[in-house]
Each structure stands twice: as structure tokens, then as C-alpha cells.
Amino acid sequence: MPDQTLSSVAPQSDATVLEVQDLTKTFALAGGQRLQAVAGISFQIAAGETLGLVGESGCGKTTVGRALMALPPPSSGEVILEGTPLSRLSAAELRAIRPRMQMVFQDPISSLNPKRTIADIVAAPLVVAGGLNRRQRDERVREMLDAVGLDPGTVWDRRPHELSGGQCQRVSVARALILNPRLLVCDEPVSSLDVSVQAQILNLLEDAKARFGLTMLFIAHDLAVVKNISDRVAVMYLGKICEVAPAARLYSQAAHPYTVALLASVPDPGTDFGRRFARVIEGEIPSPLDPPSGCRFRTRCPKATAQCAVEEPRLRPAGENHVVACHHPEH
Amino acid sequence: MTTQAAETPVAAPAAVRRSRLSLSVSLPVLWLGAAALATIFSAYLPMPDPFRQSLLRTLQSPSPTNLFGTDSLGRDVLARSILGLRVSLVVGLGSVLFGFALGGALGLVSGFFRGRVDFWISAAMTLILSFPPLVLAIAIMSYAGPSLGLVIFTLGLLFVPAFARITRANTLSLADREFVLAARAMGMRNGRILLQEILPNLVAPLIAYGMLMVAVAIIGEAALSFLGLSVPPPQPTLGGMVAAERANLLDAPWAVFGPSLFLFLTVLSLNVAGDQLQRRIDQREAAL
């Protein structure tokens, strides 16, 4: 890939790449029940920015990632990619815009077809997009494998089960980046990897972001992982966003009791959160089939009052670039 | 292009270890191979004409000229058994291929698209399964009259639900894998996802199952031909030969045992080899 093409997709710092407006996702369950996994969330990601999305398992963060990729599309709300509202696109138009946003999945093994070779897997987006002949495709695949730190000669004809989890994740990154997407959604890309390999993949993503001018949504349940890679962090709880702040600020001046509790439960010897807020979150996340009234966190919140059960808190400013949905924020 | 990330070493592929072929694989394969060759090239084998009757040489016991003896019309039992085996193999393979193609396609569509399509396809499969298979086959054959094509169609139809269900179950779990999402995310169309991403993962388990089903089809054909509802005479069939000679079982058991032996060895070989194949595929899948 010549470098001029790369610079042509470099971020313009002020543009918004992704805007999500009041996105909801409801699943119909057997027996007529309806599960609202995402209950109306909105956020924006500026060009070149990395937004971290954190929350416990089952809070709907993976659903957000998939819904905004239209895999499948959200139940309501709008996803606007580089000014194009996805819900208004026809199936063919959606297919045409898909290369602009790509995804790296959680399970490195499951996200690669076990029956295809690494070269085939990485070349697949080029085949679908069309326009290149076999030799040009091979050339691009070779460059891309090089860029993610895999030796093309060695892995070319291998199948995914012959590689380690970290190597498979590198293949996933290569496949996601080969069409020069603008937005990369990473759905817990390192949570099933060994800690030593996690750092390698995070570095790879950071490098790729700088080199290919990517805008990223980084989904994770591990605050420590999100901290280093994100510019801003959004905290989700039971299908809603409860706090968004610049990464550094969130970790030093968290305003939502849930964020505070999450930070307190990170076993990091370098911080003193553990002592400052010596309270660890109790109980289990409530069922999204029957979410609590008012504030969804009130059943586990140490500061909950009668007001929290009645009135749902809206996101309001709590500092520069910092919003929080709480009636009784920490500051 | 400069390398962005440090190269990660990828282990060299383990040397392929050739395990010693066990008897439970080599013997069945040997028999099936010999059977296939003998039925294909039967015209060139140094054997008596299977259709020539000789009323002077009826129910002869096995001899160098007639290795399996002769039947009640003086015809060579071995030569007729080989021709009968040809029908068995053609019907076995043909009906399984038919069931594989139709059932596989239905199961793929039903497991991938789910919803209403899945409901109707599954309902149709349950409907076919609710008929006693042999009764259904007898009904179709006696209504339409026996012929080779119809035997293949009828037995194949009976295999459609089984293939559809296996394909559907595998497709359901494969369609949830993230590589299918990744294919969608890159804008791949459904047809291509089905054929390039899902189908290659289905072939191995279906082939192993298909091998076992060939044995079932051969037995089914033998039952139909025993009842005179398979390929019509003068074409010999293994079941038909048993039916015709069963009255002479005490005087000339070879006329019944010849075709029975062929049937027995072929079905046994298919079952044993199919089991081994299935086991190997399961091991491979478990290793992934």
C-alpha cells in the first residue's frame, strides 16, 4: 500500500466519525418476553479518537458494538457514520459502506473460519470488495500480514488452529484493516488472551491506529486495559451509559458511584482507590428483563435515596468533557 | 513497507505422523474397493454369462466353473451376485447423494435463515419422519411401478430429513460463530457466506454420516427387491435372488448364501469404515 493512500484517510481532527443517537436493542425471547439489552444510549466519537466502553458482563456493551455495525441493526435510534445515517440505507448501500467500519472480535479462534487459510481469510474483504486481481490481492495481504507482525511466508497456507490466540487476533486485525476502514470497533479484543500477549495486541492496535488514521471504539470489561488505550471512557450499566469522561479524569475524579466501585475493584497496587473508597460493589447485575425503576444502579448503590427509585437520572455535565447520570455524584 | 509490530514466531507444522492403518480400516476399504471394481468391470471378468440358463445344470454345488454354484435355472450365482451388488451400490450411493443434496440444502437454508423458513422446513421434515420408512417406500414403489430411478428417489427421499436435521443443527451453531459476523461486516452476501464460510465446515461430518447411510440404503434396497419392488427382472438384485431361491434353501443353500454374503460384507464394511471415519472427524473437531 503506497503511503499517499494512507495519508488521504488520515483523521481531520474536528470531524465526528461516529454518532450514536438514542440506540436501543431489544431481543424477543421465547415465551413472548422482551429483553432490552441496550436502553437508549448516545455518544459521539471524533476523528482519530478512541472511546473506551466498559461495564460488567451482560451490561450490553457487546450488543452496542454489534448494533452500530448493523450486525444486526439496532431496534431504534440512529447510527451516523461520517455523516451517513445507516438506518436509511438500502441493503446494497449498507454493504457498500461496511468497509468503512470494521470489527475485531473477542474470541480469536471463533472469529476465523477454521477451514480457510490465513491468506484466504485476510484476502476475503478484498475479494468481496472486488477491483483487484489475484496478484494485487496477494501483494496487499502480504503487506498487511507484515504490518501486524506475522511473517507472510510462514503463515500463508496455515489454518487458524495452527496459530496461537494472539497470532489469530493479529490475523483478525489484518483482516479488519485491509480495506482501510475509518472506524474500528474492538469488542474485547484481548480479554481471552494471556496477559503478556494482551500487551502485544494493545500495542499493535495503538500502532495501527496511528498508522492508518483510525477512529476506535474499544469495548472491554477491564478498566486497566481501557485506561491506556482510550482518550475518553464511557461506563455502561445495564444497557445505559452512566458516565463519560476523558480517561485520565475518569480514573482520578470518577463521579458516578458505579464507576467508583468499578475502580475500587481493580487490583492495581499503584493506585490508592482501594483505600480511598474501601467499598466493593455488592450483589449481581439485575436482570435486564426487569430493570429497577428510576436509576438502574440504585439496587447496588451505597448512596441510593428515595429519589433514585422514582426519577431516572439524566446525563449532566460534571466537569470539562465529563458527563454523569447520577442524582448524587461524588463531586 | 516497514514492519510495524515485532514478528511473532509461528511454530513449524508438526510432521504428519503416519499411523499404521488398522485392520478395521484396511479390510473394509479393501472389500469396498474390490466390490466397486468387480461391479464396474464385471463384463471383463472370466465368469459364466449371468443370464444364460441351463436346465441340465440347475442347483449345482460350488465347483471351479461355478464358484458359488448355480441357481434353480442353472445360472451362475457368483456372476449374478456381482450384478446384483452393482444395483445395491448404485442405489446406495445414488439415494444418499440425493438425500445429501436435497437435505443438506434444506438444512443449510433452515439453520441459516431461521424464523419462518426454518419452521416450515422443519415441519415438512417431521412430516416425512412420521411415516414408517419401509411402508412409505413400499407404497410409492407399488403405486408407481418398480424402476432404478424410482428406487433411488424413494430411498433418497427417506434420507432427506436426517440430512436436513444434521445440517441444520451444525449450521445453527456455525452461524453464531464470529467468523460469520466478520463475513457480514465486510459486506459478504448471504449466498457467499453459506457456500464459502459455512458449507466447508459441514462437509466432513456429513460425509461420515453419509457412509453409514449408504449401508442403510443398501439394506433398504435389498428389502424392496426381496418384495419384488426394486429394479425389475431380468436385472438380478441381491434381495431378488434371495427371494427367488429361498424355497431351495435346504437343497442348495449357496444360491441364497452367495448374495447374502455379498450383502453382509458390504454393509459391514460400510458400517465399520463409516464408524472409523466418524471417530477421526470427531477427534479432529475436538482438537480445534
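Tutor: Let's start with a term: a nonpolar core is a set of buried Ala, Val, Leu, Ile, Met, Phe, Trp, Tyr and Cys residues joined through side-chain atoms within 4.5 Å, where buried means under 20% relative accessible area with a 1.4 Å probe, protein chains only. This is a predicted model, in which local features need pLDDT of at least 70, side-chain atom pairs count only at pLDDT 80 or more, and totals for chains, interfaces and linings use all residues. Residues are numbered from 1 along each chain, chains are lettered from A in the order written, and side-chain values use heavy atoms, without hydrogens and water.

Student: Which residues have the most contacts inside the largest nonpolar core?

Tutor: That core has 64 residues. Helix H8 of chain A gives the most to this core, with 7 residues. The residues with the most contacts inside the core are A:Val122, A:Leu184, A:Leu205 and A:Phe218.

Student: Which residue of chain B forms a salt bridge with A:Arg66?

Tutor: A salt bridge is a side-chain nitrogen of Lys or Arg within 4 Å of a carboxyl oxygen of Asp or Glu. Between chain A and chain B the count is 2. In the one made by A:Arg66, the closest N and O atoms are 3.3 Å apart, and the partner is B:Glu178.

Definitions and conventions. Buried means under 20% relative accessible area, exposed over 50%, partly exposed in between (1.4 Å probe, protein chains only). Helices (H or I, at least four residues) and strands (E, at least two) are DSSP runs, numbered from the N terminus.
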